Amino acid sequence: MCKEKPALKPLQLQNLNSIDDLKFDSQGLIPVVIQDAENKDVLMVAYMNKMSLEKTLETGLATYWSRSRKELWLKGETSGHYQKVEKIHFDCDKDTLLIGVTQIGVACHTGERSCFFTRLA
């Protein structure tokens, strides 16, 4: 476990005038697919609201919206398993984000590197 928060590295908004150009759902959320920036493995899926996306851009550390706790969630704040954001893409409909991260530790709360470790078919 990383005991120290990684250095902050702000990100610059590109190809949008404002995050208001993104399509958030009726609850103010946008789904986010989190991918290992180096090997492209999908690590997890989460949600962001405008505030969590702004915080992510400001710090360079992945911050999500916890739907269960109804609060901002800095990934790694409790576990030490931070996600340093390398890049953020939006899809053609502007209603989903793909975030490339450097994962410190594991992404899944079960201790697995990825949340997608159980095969269905």
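The lining of the second largest pocket is made up of 10 nonpolar, 4 polar and 2 charged residues. In this sorting, Ala, Val, Leu, Ile, Met, Phe, Trp, Tyr, Cys and Pro count as nonpolar, Asp, Glu, Lys and Arg as charged, and the others, Gly among them, as polar. This is a predicted model, in which local features need pLDDT of at least 70 and side-chain atom pairs count only at pLDDT 80 or more, while totals for chains, interfaces and linings use all residues. Residues are numbered from 1 along each chain as its sequence is written, and side-chain values use heavy atoms, with hydrogens and water left out.

**Second largest pocket**
- This pocket has a volume of about 320 Å³, a volume being the space filled by probe spheres set on grid points that are joined across faces, edges and corners.
- A pocket is an open set of points on a 1 Å grid over the protein atoms alone where a 1.4 Å probe fits, with protein on both sides within 12 Å along at least five of seven lines; lining residues have an atom within 4 Å of a point.
- Of its 16 lining residues, Gln 12, Leu 13, Gln 14, Ile 88 and His 89 lie nearest the centre.
- Helix α1 (50-59) and strand β5 (83-90) are the elements that give two or more residues to this lining; helices (H or I, at least four residues) and strands (E, at least two) are DSSP runs, numbered from the N terminus.
- The most comes from β5, with 5 residues.

**Largest pocket**
- The largest pocket has a volume of about 500 Å³.
- Its lining holds 24 residues, and Met 44, Arg 69, Trp 73, Lys 75 and His 109 lie nearest its centre.
- That lining divides into 12 nonpolar, 7 polar and 5 charged residues.
- At least two lining residues come from each of β2 (42-48), β3 (63-66) and β4 (71-74).

**Thr 59**
- Thr 59 is found in helix α1.
- Why is Thr 59 classed as buried? Its relative accessibility is 9%, and buried means under 20% relative accessible area, exposed over 50% and partly exposed in between (1.4 Å probe, protein chains only).
- The side chain of Thr 59 reaches the backbone oxygen of Lys 55 at 2.9 Å and the backbone nitrogen of Leu 61 at 3.0 Å.
- Beyond its neighbours within four places in sequence, Thr 59 is in contact (heavy atoms within 4.5 Å) with Leu 8, Lys 9 and Pro 10.

Methods. Polar contact = N/O pair within 3.5 Å; in protein donor to acceptor, adjacent residues only side chain to side chain.
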